[in-house]
Amino acid sequence: MNGSFTVTFPLMGFEDHRVKQLMHAFTLMMFNGFAHYHYIESVIITRERVYVVAQGYVKEFALDGRTLEYVTSHSKESFALLS
């Protein structure tokens, strides 16, 4: 791991205010020391959730006001969005 990761979001979603809010909240979470960058493999942003793939798990976050709140964790192998 080299400290870089991929962020995936809906192609048309970048102009979507909700997707921008989620991207901004994820960026703030990272700046506030959420995780070491080298553990993160990828990030998936949908209109409703942010999924962080790291160390064999997918951590699910939802927007709560202007911040992301942890919802649950999934096994990477059983997570549907990655297949």
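Reader: Why is lysine 76 called partly exposed?

Author: In this predicted model, lysine 76 has a relative accessible area of 30%. Buried would require under 20%, and exposed over 50%. The value of lysine 76 lies in between, so the residue counts as partly exposed.

Reader: What makes the pair of glutamate 41 and lysine 76 a salt bridge?

Author: The closest N and O atoms of glutamate 41 and lysine 76 are 2.5 Å apart. The term requires a side-chain nitrogen of Lys or Arg within 4 Å of a carboxyl oxygen of Asp or Glu, so this pair qualifies. Glutamate 41, at 26% relative accessibility, also counts as partly exposed.

Reader: Which parts does this pair of glutamate 41 and lysine 76 tie together?

Author: Glutamate 41 belongs to strand β2, whereas lysine 76 lies in the segment after β5, so the pair connects parts 35 residues apart in sequence.

Reader: How many salt bridges does a search of the whole structure find?

Author: The search finds 3. Another of them joins arginine 18 to glutamate 48, with the closest N and O atoms 3.7 Å apart. Arginine 18 stands in helix α1 and glutamate 48 in the loop between β2 and β3, and 30 residues separate them. Arginine 18 is partly exposed, at 24% relative accessibility, and glutamate 48 is partly exposed, at 44%.

Reader: How do we know whether glutamate 60 is buried or exposed?

Author: Its relative accessibility is 9%. The limit for a buried residue is under 20%, so glutamate 60 counts as buried. Glutamate 60 forms a salt bridge with arginine 49, the closest N and O atoms being 2.8 Å apart. Arginine 49, by contrast, is partly exposed, with a relative accessible area of 26%.

Reader: What makes β3 and β4 a pair of strands?

Author: Pairing requires at least two bridges; 6 bridges join β3 to β4, so these strands pair. They run antiparallel. Within them, valine 53 stands opposite valine 58 of β4. The hairpin of β3 and β4 has 2 residues between the strands, and glutamine 55 takes a positive phi near 50° there.

Reader: In what sense do β4 and strand β5 pair?

Author: β4 and β5 (residues 67-75) pair in the antiparallel sense, over 8 bridges. Leucine 63 has leucine 68, in β5, as its bridge partner. The hairpin of β4 and β5 has 2 residues between the strands, and glycine 65 takes a positive phi near 70°.

Reader: What pattern does the protein follow along the sequence?

Author: The pattern is β-α-β-β-β-β, which comes to 1 helix and 5 strands.

Reader: Which residues have the most contacts inside the largest nonpolar core?

Author: They are Phe26, Ile45, Val50 and Leu68, in a core of 15 residues. The elements giving two or more residues to this core are α1, β2, β3 (49-54) and β4 (57-64). Of these, α1 gives the most, with 7 residues. Apart from this core lies another, of 5 residues, including Tyr51, Val53, Val58 and Phe79.

Reader: What does valine 50 touch, not counting residues up to four places away in sequence?

Author: Valine 50 touches Leu22, Phe26, Val43, Ile44, Ile45, Lys59, Glu60, Phe61 and Leu68.

Reader: How much of the protein do buried residues make up?

Author: They make up 31% of the 83 residues. The accessible surface comes to about 5,400 Å², and carbon and sulfur atoms account for 55% of that surface.

Reader: Why can tyrosine 37 count as partly exposed and also belong to a surface patch?

Author: Tyrosine 37 has 36% relative accessibility, and for that reason counts as partly exposed. A patch residue needs over 30%, so the value of tyrosine 37 passes that limit as well. Together with Leu28 and Phe31, Tyr37 makes a nonpolar surface patch of about 320 Å². Tyrosine 37 is placed in the loop between α1 (17-31) and β2 (40-45).

Methods. Residues are numbered from 1 along each chain as its sequence is written. This is a predicted model: local features need pLDDT of at least 70, side-chain atom pairs count only at pLDDT 80 or more; totals for chains, interfaces and linings use all residues. Side-chain values use heavy atoms; hydrogens and water are left out. Patches are made of residues with over 30% relative accessible area and no salt bridge: like charges are joined within 9 Å, nonpolar side chains (Val, Leu, Ile, Met, Phe, Trp, Tyr) within 5 Å. Accessible areas come from the Shrake-Rupley method with a 1.4 Å probe; for residues, only the protein chains shown count as cover. Helices (H or I, at least four residues) and strands (E, at least two) are DSSP runs, numbered from the N terminus. Buried means under 20% relative accessible area, exposed over 50%, partly exposed in between (1.4 Å probe, protein chains only). A nonpolar core is a set of buried Ala, Val, Leu, Ile, Met, Phe, Trp, Tyr and Cys residues joined through side-chain atoms within 4.5 Å. Contact means heavy atoms within 4.5 Å.
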